[in-house]
Amino acid sequence: MDFFQNQEDAQRKTSLLVFYYILAVILIVLGIYAAVIFLFQISAESELAAAAISFWNPGLFFLVSVITLLVISLGTAYKINQLSGGGKSVANLLGAAPLNPQTNDPKEKMLLNIVEEMSIASGVQVPQTVILRQEKGINAFAAGFTQDDAVVGVTDGCLQSLSRDQLQGVIAHEFSHILYGDMRINIKLMGVLHGILIIAFLGYTITRSMFYTPRRRSSGKGSGPIILLGLSLVIIGYIGVFFGNLIKSAVSRQREYLADASAAQFTRNPSGIAGALKKIAGMGKIPMQCKKAQEANHLFFNGSVAGFMSSLMSTHPPIQERIKRLDPAFTGKTKKTTVQTGFGPAASGFAGKDSKLSVQPENIISSIGTTEPEQIKYAAKTLEKIPNLLTDSAHSPIKAEYVIYSLLLSKDEKIKEEQSQTLKQSVDKLIPESENIFSTGQSLPVEYRIPLLDITISTLKGLSPQKQAKIKENIQAMIRADGKVSLFEYTVYRMALRHLKSPLEKPNHPKVKYHSLKSLKSECGLLLSFLAHHGIDQSDKKTFAFSKAAEKINFIGPSDFLPEDKCSLKKLDLSLEELDKASYRIKKKIIDACVTCIVADGQITVKQAELIRATADAIGCPTPPIFPQKIESL
């Protein structure tokens with residue numbers, strides 16, 4: 001399943017959504033205009049006056065259009081602004097409670113462990129995990145504008161009822177929504193439908209106010225047309241919502257089939273997700289308690305509309321059909337399911353430094369936006385190998401920043417002392433455990449650093465924007481201490497820059513600005529020059545690596561190879577910001593050139609692998625772990 005093609009499809013579906021939205025608004029305007037003309041005619045004092053009212057009145061049509069568009073636009077803008085925080089905004093809307101990363105509950109620890117495994121295996125930043133505590137049915141959701149502000153949530157029933165394999169299948173399903181851009185479409189659908197629903201709500205308010213207002217002065221005379229107007233708005237509004245839900249269903253159904261298939265592919269265990277679906281079928285329909293659940297129905301793992309025309313309005317395919325696609329032997333019979341606790345064994349096996357993987361660029365590119373069972377096993381084993389002191393600290397909002405600092409401390413005592421002084425000046429008081437964290441972090445094997453960093457940054461994202469900004473300043477100060485930037489330091493810097501926000505920043509979801517590589521010639525030249533200088537050790541092979549990469553981008557030649565002093569981090573940051581605005585079709589070519597540059601010598605080391613992942617992450621393309629053929633220390 002091609003990540004880049006799925007992202008392009010998601011963007012096209014967003015454009016289609018805009019088209020349907022405009023069409024629905026036009027129909028609503030015409031409907032309201034027709035209702036207003038009708039009401040004018042029936043309220044006219046005489047037949048002659050009624051006949052004088054022309055059906056086409058440009059002035060009246062303009063007035064109705066402006067008022068209708070204003071109401072719909074305000075309703076849509078209100079909801080989009082309400083959800084502007086991304087996944088956290090949706091979680092708050094649904095009343096979901098954040099999962100404490102330091103939880104001692106075994107089921108919650110299992111959930112957190114699965115989410116972290118999937119994140120490390122897929123190259124996605126660890127999303128915040130939330131729980132819908134009052135929901136007894138089996139359900140889950142993923143929400144956010146981008147992978148960076150994503151939230152994964154499960155119901156309490158999901159957590160209590162499913163085995164580890166089944167829960168892993170559900171989480172893998174939700175991760176596919178994160179990877180393939182479905183979340184962005186789903187949030188926009190919520191905003192669009194709310195704007196249309198405002199019309200119906202306005203009509204209900206008018207009608208209700210007329211019925212409950214005391215009949216004084218005129219004893220209700222003349223209220224009939226106003227009540228009819230209110231009823232007309234209710235009807236027109238709900239017709240708009242009906243067609244909006246049809247659009248939502250058309251957009252969502254095929255994406256659910258794809259997510260089911262992706263979950264089976266990611267885990268190579270179709271029985272896991274199929275087992276979860278069978279338990280849902282066995283439990284029967286358990287209504288969601290959250291009042292906002294219907295509004296976010298299309299976000300859920302098991303989101304269906306019960307009652308009249310449910311097969312037409314459902315945002316999800318029938319459960320039985322989903323099960324049959326995963327388990328062709330399924331007969332349609334399910335056993336009555338009760339809540340039970342199931343803990344399957346954690347993934348085992350390690351596909352780390354001893355594994356062999358072709359370093360052909362196309363193999364790495366095809367792995368972007370997906371994951372394999374071997375990578376999930378690698379992630380599970382990695383989490384086991386990281387010392388408890390570091391993982392516990394990475395989950396602690398107080399200690400997490402010290403984990404990053406420990407990974408940046410130099411082995412040179414003089415530089416280390418300068419870094420320590422920088423921290424003492426920046427932090428009011430170092431925590432008592434800081435020395436233990438620093439010494440343990442410094443001795444951590446290189447292949448475990450980035451997975452630990454992923455977990456740590458996920459925790460830091462929960463801190464205030466002011467605190468995040470301060471941590472970024474500390475990171476930059478520690479990196480500058482020795483006057484040069486190592487590849488690992490650059491990786492930490494890029495991840496912090498992208499994922500930790502300043503006080504004024506909102507979730508970053510840049511619009512596509514570039515559809516041609518020619519518009520990004522200087523940015524591509526700078527990026528490839530940086531990679532050649534910092535990703536290739538042998539000085540005599542740097543030019544060769546750049547030339548090989550330039551072949552992937554026709555308009556770049558050897559003359560575009562910049563000297564190292566022209567490839568500063570500041571210039572690189574600006575280039576990556578622009579490259580992030582390219583279409584995914586263009587990003588695929590950029591990453592192809594980057595990988596070609598890095599693997600020009602036919603092998604890949606840990607530091608080279610992480611450089612590729614940091615670069616891909618910087619332009620919104622999550623890359624799974626790349627198993628190196630030769631391990632070198634950074």
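**Reading the model**

Mentor: E433 has a relative accessible area of 29%, which makes this residue partly exposed. The model is predicted, so local features need pLDDT of at least 70 and side-chain atom pairs count only at pLDDT 80 or more, while totals for chains, interfaces and linings use all residues. Residues are numbered from 1 along each chain as its sequence is written, and side-chain values use heavy atoms, leaving out hydrogens and water.

Trainee: What share of the 634 residues of the chain counts as buried?

Mentor: The share is 56%. As for accessible area itself, it comes from the Shrake-Rupley method with a 1.4 Å probe, and for residues only the protein chains shown count as cover. The chain exposes about 28100 Å², of which carbon and sulfur atoms supply 57%.

Trainee: How many helices and strands make up the secondary structure of the chain?

Mentor: These elements are DSSP runs numbered from the N terminus: helices are H or I with at least four residues, and strands are E with at least two. Here the count is 26 helices and four strands.

Trainee: With which residue does E433 form a salt bridge?

Mentor: A salt bridge places a side-chain nitrogen of Lys or Arg within 4 Å of a carboxyl oxygen of Asp or Glu. The partner of E433 is K399, with the closest N and O atoms 3.4 Å apart. E433 lies in the loop between α17 (413-426) and α18 (434-442), and K399 in the loop between α15 (388-394) and α16 (400-408), so parts that are 34 residues apart in sequence are tied together. K399 is likewise partly exposed, at 25% relative accessibility.

Trainee: How many salt bridges does the structure hold?

Mentor: There are 20. One of them joins the side chains of K461 and D148, at 3.5 Å from N to O. K461 sits in the loop between α19 (449-460) and α20 (465-480), D148 in the loop between β3 (140-143) and β4 (151-155), and this pair links distant parts of the chain, 313 residues apart. Both residues, K461 and D148, are buried.

A further salt bridge connects K278 and D327, whose closest N and O atoms are 2.9 Å apart. Since K278 belongs to helix α10 (residues 270-283) and D327 to the loop between α12 (319-326) and α13 (361-367), the pair ties together parts that are 49 residues apart in sequence.

Trainee: Which residues of α20 are buried?

Mentor: They are Q468, A469, I471, K472, N474, I475, M478 and I479. Their cover includes α16, α17, α19 and α21.

Trainee: Which residues of the largest nonpolar core touch the most other members?

Mentor: A nonpolar core is a set of buried Ala, Val, Leu, Ile, Met, Phe, Trp, Tyr and Cys residues joined through side-chain atoms within 4.5 Å. In the largest core, of 131 residues, they are L111, L167, I171, I475, L531 and I590. Helix α25 (residues 584-598) contributes the largest share of this core, nine residues.

Trainee: With which residues is I171 in contact, leaving aside its neighbours within four places in sequence?

Mentor: Contact means heavy atoms within 4.5 Å. On that basis, I171 meets L111, I114, V115, M118, V152 and V154. Applied to T370, with its neighbours within four places again left aside, the list is A121, S122, L179, Q265, F266 and P624. T370 lies in the loop between α13 and α14 (373-385) and is buried, at 5% relative accessible area.

Definitions and conventions:
Buried means under 20% relative accessible area, exposed over 50%, partly exposed in between (1.4 Å probe, protein chains only).
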